[in-house]
Amino acid sequence: MTPAAHQPPHAPSRHAAELRAAARHMGRRRFLTVTGAAAALAFAVDLPAAGVASAAELDAAKIGDDPFTLGVASGDPLPGSVLLWTRLAPAPYQADGGLPRERVVVHWELAHDERFRRIVRRGTALAHPEFNHTVHVEVGHLDADRVFYYRFRAGSWVSPAGRTRTAPATRGRTSGLTLAAVSCQAYHDGYFTAYKHLAEDDVDVVFHLGDYLYEYAVNSVGGARKYTDRTLPDLFNHETVTLEDYRLRYALYKSDPDLRAAHAAHPFVVTWDDHETENNYADDIDENGNPPEEFLLRRAAAYRAYWENQPLRRPQLPDGPDAQLYRRLRWGRLAQFDILDTRQYRSNQAYGDGSHVPGPESDDPARTITGATQERWLIDGWRDSRALWNVVPQQVTFSQRKLDLNPVAKVSMDAWDGYRASRERVLAGARSAGIENLMVLTGDVHVGYAFDIKDDFDDPASATLGTEIVATSISSGKDGAERPANWETYTKANPHLKFYNGRRGYVTVELGREAARADFKTVSAVTTPGAPITTAASFVTEVGDQGLKPA
């Protein structure tokens with residue numbers, strides 16, 4: 001199956017009028033005064049044509065320092081295809097990465113074995129300066145359900161080797177799959193220790209559920225990391241706004257050795273939340289009340305840098321401030337993954353955001369967290385699904401989560417609780433499609449939760465429609481606590497909440513023919529490096545009998 005077979009139709013930019021208005025004022029925008037050319041580049045969607053936009057070619061033999069400082073990655077495994085990624089950056093903390101604005105020929109190899117004695121495919125790709133010397137290689141015509149090893153070469157420099165895999169054949173009967181779910185990795189809040197352990201874990205694929213990057217300033221000692229052996233440059237010590245800002249921040253994050261190790265060990269399937277652009281934005285509305293046309297320029301820069309720095313395929317390449325990130329992957333007949341984007345198309349948060357009791361504004365049926373097109377795509381995909389498990393990797397808490405014990409409790413206006421009509425339409429779609437084994441994967445909240453998804457969240461005796469597994473943060477929120485201060489309140493207010501833990505870490509889920517098992521794995525600290533990993537709790541939910549039970 002070709003990559004395009006899994007993709008929704010790619011629509012042109014929804015914001016042409018706003019962009020034209022913004023373009024008339026680009027020179028006067030505060031955040032474009034220094035890097036206007038780089039920001040304008042965010043709207044260029046086609047790869048440069050040889051001999052036109054990128055005429056000069058750099059002799060890779062002249063690269064004097066290791067260009068593979070940011071490692072390698074792979075993503076979005078298909079039955080006959082893998083996506084390989086790297087970026088050339090001999091000096092990653094410089095805006096140009098230490099390379100001139102010239103294209104570079106990069107060689108790649110894919111092998112059956114770690115020593116690259118049995119080469120399956122090899123080829124070349126161009127690292128264009130217009131794309132910050134990133135490389136995205138889609139390798140096709142591969143055997144399904146196989147592990148492969150890959151590496152890149154530029155001049156005399158050879159990258160670290162990565163390990164990836166193809167998905168099983170679409171109609172294949174697969175006995176099992178182990179996935180990991182991760183989210184929220186604020187560099188300034190601590191070390192990425194959980195990634196070190198994940199790199200050594202035995203999983204087939206990693207789902208990143210958002211907040212891969214934070215827009216906030218990182219000071220010279222790396223915030224809570226409190227470096228004593230290095231001094232970070234001042235260019236990280238401000239909020240990201242321009243394309244150059246976002247590119248540099250990805251360089252900082254990807255310079256972390258534990259993140260690089262996890263990417264090299266496993267293929268990732270990524271989706272964004274808010275902080276890859278700006279906290280709690282909704283469609284073209286930012287949190288500071290700036291004009292939409294101004295925010296869309298920032299969003300275009302953020303989306304462009306995201307695609308450049310993630311193992312994403314060509315259909316996800318942004319068109320200005322718009323990008324088709326929601327997509328569908330399959331793991332044989334065992335699982336269908338509908339990866340959502342609950343940020344780009346949502347209605348503005350009701351009641352000014354924050355926590356609030358539900359009311360006419362939040363419950364307006366016209367409101368949406370997915371947008372109408374994505375909602376239809378999700379439900380139509382369920383109707384066509386032949387998978388045993390239907391899994392929805394997405395961003396914000398899906399299940400009802402009362403925040404207090406009052407008769408009418410406050411809920412989060414940024415989560416699905418702030419879009420209850422949207423949630424009910426989605427659950428109605430799952431019921432009408434006959435989806436029996438539904439699992440939602442969530443990030444965002446910097447804690448681990450395990451929820452039963454109820455037909456009526458206010459009636460514990462109502463039917464359980466599926467389960468929601470919420471992955472805690474990698475580092476956001478610093479060390480956290482096993483039982484946060486609101487633990488007792490939340491567990492009493494939400495009887496469908498079966499687990500709540502505030503430490504950092506990740507979760508693994510084994511999907512089988514008879515049951516699924518979730519293991520919540522936590523580290524004791526992230527403000528100091530090297531913490532061990534432990535399994536805080538484990539749960540199972542059975543095929544045809546949804547509901548989380550302690551394992």
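# Exercises on the interior of a predicted model

In this predicted model, Tyr-195 is in contact with Val-182, Gln-185, His-208, Asp-258, Leu-259, Ala-262, Phe-268 and Ile-474, when its neighbours within four places in sequence are left aside.

**Exercise 1.** Determine which residues have the most contacts inside the largest nonpolar core, and which element gives the most to this core.

*Solution.*
Step 1. The largest nonpolar core has 45 residues. Tyr-187, Tyr-195 and Leu-198 are those with the most contacts inside it.
Step 2. Two or more residues of this core come from each of strand S10 (176–182), helix H3 (193–200), helix H4 (243–254), helix H5 (257–265), strand S12 (268–270) and helix H6 (292–308).
Step 3. Among these elements, H6 gives the most, with seven residues.
Step 4. Another core, of 33 residues, lies apart from this one; Ala-181, Val-205, Phe-499 and Ala-518 are among its members.
Step 5. As a general background, nonpolar side chains in soluble globular proteins tend to be buried together.

**Exercise 2.** Decide whether Ser-74 is buried or exposed, and list its contacts.

*Solution.*
Step 1. Ser-74 is placed in strand S2 (residues 72–78).
Step 2. Its relative accessible area is 0%. Buried means under 20%, so Ser-74 is buried.
Step 3. Beyond its neighbours within four places in sequence, Ser-74 is in contact with Leu-83, Leu-84, Tyr-150, Arg-163, Thr-164, His-263, His-266, Pro-267, Phe-268 and Pro-311.
Step 4. Phe-268 is listed among the contacts of Ser-74 and also among those of Tyr-195.

**Exercise 3.** Describe the span of helix H7, its buried residues and what covers them.

*Solution.*
Step 1. Helix H7 (residues 372–384) has 13 residues. From its first C-alpha to its last, H7 reaches 18 Å, close to the 18 Å expected at 1.5 Å a residue.
Step 2. The buried residues of H7 are Gln-374, Glu-375, Trp-377, Leu-378, Ile-379, Gly-381 and Trp-382.
Step 3. An α-helix has 3.6 residues a turn, so residues three or four places apart point the same way.
Step 4. The cover of these buried residues includes strand S13 (327–331), strand S14 (335–339), strand S16 (389–393), H8 and S18.

**Exercise 4.** State how many cavities of 30 Å³ or more the structure holds, and characterise the lining of the largest cavity.

*Solution.*
Step 1. There are three such cavities, and the largest has a volume of about 60 Å³.
Step 2. Its lining is made of Leu-340, Trp-382, Val-392, Gln-394, Phe-398, Trp-416, Val-426, Leu-427, Leu-438 and Val-440.
Step 3. Helix H8 (420–432) and strand S18 (438–442) are the elements that give two or more residues to this lining.
Step 4. By class, the lining has nine nonpolar residues, one polar and no charged.
Step 5. Trp-382 lines this cavity and is one of the buried residues of H7.

How values were computed
Residues numbered from 1 in each chain as written. Predicted model: local features only at pLDDT ≥ 70, side-chain atom pairs only at ≥ 80, totals over all residues. Heavy atoms only, no water. 1 Å grid on protein atoms, 1.4 Å probe; cavity = no way out; pocket = protein on both sides within 12 Å on 5 of 7 lines; lining within 4 Å. Points joined across faces, edges and corners; volume = space filled by probe spheres on them. Helix = DSSP H or I, 4+ residues; strand = E, 2+ residues; numbered from the N terminus. Nonpolar A, V, L, I, M, F, W, Y, C, P; charged D, E, K, R; others polar. Expected span 1.5 Å × (residues − 1). Buried < 20%, exposed > 50% of the residue type's maximum accessible area, 1.4 Å probe, protein only. Contact = heavy atoms within 4.5 Å. Core = buried A, V, L, I, M, F, W, Y, C linked by side-chain atoms within 4.5 Å.
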